[in-house]
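Please find below a colleague's note on the structure shown here.

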Amino acid sequence: MLRTSASLAALLLVAGLHAAAAQTAAAPPSGDAKPGKVKLTMQKLKEMKATWAANKPKLKACRKEVKAKGLAGDDRWFYIQDCMNKT
C-alpha cells in the first residue's frame, strides 16, 4: 500500500513538472520587446556605426552625453542611436 501511494505521488509530481515545462516552452516569444532589452547583434551594431560616421560632430556630442550619464553596454548604443535620430 505504501509503495503504491509513493509511486502514485511520484507519478503525479513528474506529470505536473512535465506539464509546467510544456506550458513555458509553448509560449510564443513577444515581438513587443523594448529595444533596451534586446541584445545587439554585431551586424546591427556595424549598421548603426556606419550611419553615425556620416555626422561625426553630432556623434561626438552624443558620446559626451553618454559618458556624463554613465551608461554602459547595450544601453549606451541605444542612447546614442536615439540621440543621433533627434533633430
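1. The buried residues of helix 4 have helix 2 and helix 3 among the elements that cover them, where contact means heavy atoms within 4.5 Å. Those buried residues are Asp 74, Trp 77, Phe 78, Tyr 79, Ile 80, Gln 81, Cys 83 and Met 84. Buried denotes under 20% relative accessible area, exposed over 50%, and partly exposed the range in between (1.4 Å probe, protein chains only). Helices (H or I, at least four residues) and strands (E, at least two) are DSSP runs numbered from the N terminus.

2. This is a predicted model, in which local features need pLDDT of at least 70 and side-chain atom pairs count only at pLDDT 80 or more, whereas totals for chains, interfaces and linings use all residues. Residues are numbered from 1 along each chain as its sequence is written, and side-chain values use heavy atoms, with hydrogens and water left out.

3. Confidence deserves attention before the details. The pLDDT (the predictor's confidence in each residue, from 0 to 100) averages 73 over the chain, and 60% of the residues score at least 70. Helix 1 (residues 2-26) has the lowest confidence, at a mean of 60, and helix 3 (residues 56-69) the highest, at 91. Where pLDDT is low, the predicted coordinates should not be read in detail.

4. The chain contains 4 helices and 0 strands, in the order α-α-α-α along the sequence. Of its 87 residues, 17% count as buried. Among contacts with a separation of 6 or more, 62% are made by residues 24 or more positions apart. The chain exposes about 7300 Å², of which carbon and sulfur atoms supply 63%; these areas come from the Shrake-Rupley method with a 1.4 Å probe, and for residues only the protein chains shown count as cover.

5. Which residues of helix 3 are buried? They are Leu 59, Cys 62 and Val 66. Seen down the axis of helix 3, its buried residues fall within an arc of 65°, so they line one face of the helix; the arc is that of the directions from the helix axis to the C-beta atoms. On the other side, Pro 57, Lys 60, Lys 64, Lys 67 and Ala 68 are exposed. Helix 2 (42-52) and helix 4 (74-85) are among the elements covering the buried residues of helix 3. Gly 70 follows this helix and has a positive phi, near 75°.

6. The helix lengths may be checked against expectation, taken as 1.5 Å times one less than the number of residues. The 14 residues of helix 3 should span 20 Å, and its end C-alpha atoms are 20 Å apart, which agrees.

7. A nonpolar core is a set of buried Ala, Val, Leu, Ile, Met, Phe, Trp, Tyr and Cys residues joined through side-chain atoms within 4.5 Å. The largest one has 13 residues, of which Leu 40, Trp 52, Trp 77, Ile 80 and Met 84 touch the most other members. Helix 2, helix 3 and helix 4 are the elements that give two or more residues to this core, and helix 4 supplies the largest share, 6 residues.

8. Two residues illustrate the packing. Not counting residues up to four places away in sequence, Ile 80 touches Trp 52, Leu 59, Cys 62, Arg 63 and Val 66. Leu 45, in helix 2, counts as buried because its relative accessibility is 13%. With the same exclusion, Leu 45 touches Leu 40 and Trp 77. The C-alpha atoms of Leu 45 and Trp 77 are separated by 8.1 Å, although these residues are 32 residues apart along the chain.
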